[in-house]
Amino acid sequence: MSNYHIKGLEEYYNVYRKSVNKPEEFWAEVADEHFVWRKKWDNVLSWDFEKPEVKWFEGAQLNITENCIDRHLLTNGDKNAIIFEPNDPKEASEHITYHQLSERVNAFANVLKAEGITKGDRVCIYLPMIPELAISVLACARIGAIHSVVFAGFSSSALAMRINDSNCKMVITSDGSYRGAKTIDLKGIVDEALEECSCTTSVLVAKRINSDINMKEGRDKWLQPLLDHAPKQCKAETMDAEDPLFILYTSGSTGMPKGMVHTTAGYMVNTAFTFKNVFQYQNDDVYWCTADIGWITGHSYIVYGPLANGATTLMFEGVPSYPDFGRFWEVIEKHKVNQFYTAPTAIRALAKENLDFVEKYDLSSLKVLGSVGEPINEEAWHWYNDNIGKKKSPIVDTWWQTETGGIMISPIPFATPTKPTYATLPLPGIQPALMDENGKELEGNQVDGRLCIKFPWPSMARTIWGNHQRYKETYFSAYENKYFTGDGALRDEVGYYRITGRVDDVIIVSGHNLGTAPIEDAVNEHPAVAESAIVGFPHDVKGNALYGYVILKETGEGRDHDNLRKEINQIITEHIGPIAKLDKIQFTSGLPKTRSGKIMRRILRKIAGKDTSNLGDTSTLLNPECVEEIMKNAL
Ligand code: PRX
């Protein structure tokens with residue numbers, strides 16, 4: 001029996017049992033079976049959720065790029081590693097073999113070194129979905145630099161905040177990007193951000209849209225000429241198992257985004273293992289994940305997981321609606337995609353369009369369909385299953401987080417029977433627990449619990465960059481000796497999990513994690529705004545949309561409300577990015593508050609969601625009268 005590749009339900013249960021009874025033995029066997037190590041570990045696991053401190057494969061030495069690239073060269077050098085499908089279908093796609101990937105990553109790594117980047121330095125990558133993005137990520141890993149990819153839809157101030165938080169020495173960007181029919185001036189955004197960042201001394205610029213941009217003397221360099229002159233071999237840096245591999249920022253319910261730190265060996269082992277099993281990837285398959293590498297899904301399941309399995313991974317630069325709503329299905333036909341991994345929000349948006357967009361294309365290559373990022377509603381699940389999978393490709397509803405590094409709860413296709421809206425069973429090595437509000441673990445069939453994990457897994461984030469205390473408070477303080485996910489979940493009678501949504505002030509909009517506090521901070525920057533509260537409300541495409549309640553200062557009263565709404569959204573766009581814009585903004589004279597001054601978001605959420613039948617007891621509020629007013633004027 002292979003621990004690395006699980007093929008049936010019985011095998012799943014056997015492997016799962018072993019992974020719980022003898023976790024260290026189990027993970028050591030997985031790590032032994034599939035990877036190349038410079039030096040094996042002395043100790044598989046040490047952990048303490050109190051501190052918290054977790055170490056996997058201590059003493060081991062490796063380089064993740066040798067596992068993702070070098071070792072495939074002998075047997076699979078001419079196989080496609082990356083297929084790049086551009087934004088515009090009229091532009092030719094690009095096929096990058098493992099040999100070519102090796103040369104390009106090594107050349108890039110040499111450029112980084114020549115620019116003075118060394119092991120442990122932080123490099124910010126702010127690029128569109130072009131091959132240079134994956135290649136720069138791998139080049140950093142090659143020399144032990146810590147990459148911090150920032151999604152290229154974030155604004156200049158969001159970018160600056162992330163660059164400064166981890167003191168990035170270098171930024172890698174492009175002259176611009178294509179997004180559907182639009183072009184975006186990425187370099188301009190970087191220039192603006194860097195006005196606030198004294199830590200960044202060099203900027204490498206890839207050419208994508210051939211626009212006329214400003215190059216700052218002494219700081220900015222075009223990437224291509226440097227690559228052209230760089231040697232195509234670069235010795236991989238020896239990394240300790242627990243050396244940081246990357247930082248990736250995720251929104252929290254309060255303040256600054258959290259720079260989650262992932263380390264090398266455990267992250268590699270777990271993303272590779274989960275990729276193999278969740279997608280049942282076979283040697284000649286073409287796998288496509290539609291996420292952006294700016295998010296964790298792209299890190300783990302476009303770059304590291306697939307390449308660690310010698311897979312062919314497709315990178316798509318565009319959007320599902322350009323040039324029309326058939327674009328995804330056209331790409332599947334064109335590249336004969338076998339595994340397709342996307343988000344419920346995309347499925348819902350495409351399900352609204354005419355079925356002709358789907359039926360025009362041959363989707364018979366598909367074997368497995370994936371979903372990630374938010375709960376998938378029943379209607380979207382069935383549409384995906386009927387029209388895309390033609391009822392023959394199992395849907396893997398994969399639950400996980402930036403913090404978990406890899407997929408945690410998911411069916412194994414052709415093994416675990418699927419059930420709409422259920423992420424089903426924990427993968428080997430993952431020990432979930434449902435807790436009640438008082439910290440008691442709930443056993444068996446439960447309709448309302450808080451999801452925790454009670455044992456470490458190899459790809460968990462080890463800390464928040466520069467703020468271990470916040471890491472401890474956010475994830476390890478709510479429940480003793482457990483990692484708290486922030487999600488609510490239920491468990492059915494056979495042990496299947498269904499994730500019901502966030503139980504904190506994080507709202508998932510179109511699959512993106514948004515903390516309410518940073519958006520409220522942005523809204524409050526408007527000179528006419530006195531106070532604001534933001535909640536989510538159900539939206540049929542985005543899953544959730546944002547609803548803002550805003551109290552105006554005296555100076556703002558009497559001003560045109562529609563103009564104010566536009567200005568507020570403009571500020572949000574500048575501070576965070578367009579993904580955080582509010583769908584609805586209601587102006588009000590008060591916000592319901594507890595006697596200790598906390599805003600009662602529960603009430604605001606219900607009003608925003610038009611569910612006012614049971615608002616609960618409002619009599620203990622400091623200002624119950626404002627609830628009437630808010631209900632009367634609700635949008
Ligand atoms: O609430 C859960 C939701 O997305 C959150 C994690 O967001 P992020 O760190 O941005 O990572 C997204 C991609 C892994 C979770 O706490 N979530 C993710 N996948 C699912 C999900 N909710 C329900 N079902 C899922 N399959």
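A polar contact is a pair of N or O atoms within 3.5 Å; within protein, one atom must be able to donate a hydrogen and the other to accept it, and residues adjacent in sequence count only if both atoms are side-chain atoms. The structure is a predicted model, in which local features need pLDDT of at least 70 and side-chain atom pairs count only at pLDDT 80 or more, while totals for chains, interfaces and linings use all residues. Residues are numbered from 1 along each chain as its sequence is written, and side-chain values use heavy atoms, with hydrogens and water left out.

**Ligand surroundings**

- Around the ligand there are 18 residues, of which Asp397, Thr398, Thr402, Asp487 and Arg502 come nearest; a residue counts as near a molecule or strand if one of its heavy atoms lies within 4 Å of it.
- The side chain of arginine 502 has an N or O atom that lies 2.8 Å from an oxygen atom of the ligand.
- Backbone atoms also take part: a nitrogen atom of the ligand lies 3.3 Å from a backbone N or O atom of glutamate 374, and a nitrogen atom of the ligand is 3.4 Å from a polar backbone atom of proline 375.

**The eight-stranded sheet**

- An open sheet of 8 strands has the order β12-β11-β8-β6-β7-β14-β15-β24, with mixed pairing; two strands pair if DSSP finds at least two bridges between them, and helices (H or I, at least four residues) and strands (E, at least two) are DSSP runs, numbered from the N terminus.
- At the edges of this sheet stand β12 (220-222) and β24 (463-464), each of which pairs on one side only.
- Helix α10 (residues 296-308) packs on the sheet and touches β7 (146-149), β14 (244-250) and β15 (258-263), where contact means heavy atoms within 4.5 Å.
- The direction of α10 makes about 140 degrees with that of β14; axes are lines fitted to C-alpha atoms, for helices over the stretch in contact, and angles run from 0 to 180 degrees between N-to-C directions.
- Within the sheet, strand β6 (residues 122-125) and strand β8 (residues 170-174) run parallel and are joined by 3 bridges, with valine 123 standing opposite methionine 170 in β8.

**The three-stranded sheet**

- A further open sheet is formed by 3 strands in the order β29-β30-β31, again with mixed pairing.
- Because β29 (529-539) and β31 (584-587) each have a single partner strand, they stand at the edges, and one side of each is left without a neighbour in the sheet.
- From one strand to the next, the twist averages 25 degrees.
- Strand β29 pairs with strand β30 (residues 543-552) in the antiparallel sense over 10 bridges, and serine 532 stands opposite valine 550 in β30.
- Helix α16 (residues 516-524) lies across β29 and β30 and runs at about 135 degrees to β29.

**Hairpin and cis peptide bonds**

- Strand β1 (residues 43-48) and strand β2 (residues 53-58) pair in the antiparallel sense over 5 bridges, and a hairpin joins β1 to β2 through 4 residues.
- Aspartate 48 has glutamate 53, in β2, as its bridge partner.
- Proline 52 is found in the loop between β1 and β2, and the peptide bond that joins lysine 51 to proline 52 is cis, with omega about -20 degrees.
- A cis peptide bond also runs from tyrosine 322 to proline 323, with omega near -5 degrees; proline 323 has its place in the loop between β17 (312-316) and α11 (327-335).

**Helix packing**

- Helix α2 (residues 23-34) and helix α9 (residues 264-279) have axes that come within 10 Å and cross at roughly 80 degrees.
- The two helices, α2 and α9, are therefore roughly perpendicular to each other, given that angles under 35 degrees count as roughly parallel, over 145 as roughly antiparallel, 65 to 115 as roughly perpendicular and the rest as oblique.
- In this contact, Phe26, Trp27, Val30 and Ala31 of α2 meet Val269, Asn270 and Phe273 of α9.
- The residues of the contact of α2 with α9 divide into 6 nonpolar, 1 polar and no charged; Ala, Val, Leu, Ile, Met, Phe, Trp, Tyr, Cys and Pro count as nonpolar, Asp, Glu, Lys and Arg as charged, and the others, Gly among them, as polar.

**Individual loop residues**

- Threonine 290, in the loop between β16 (286-289) and α10, touches Phe328, Phe340, Tyr341 and Thr342, not counting residues up to four places away in sequence.
- The side chains of threonine 290 and threonine 342 make a polar contact at 2.8 Å.
- Asparagine 167 lies in the loop between α6 (156-165) and β8, and its phi is near 50 degrees, a positive value in a residue other than glycine.
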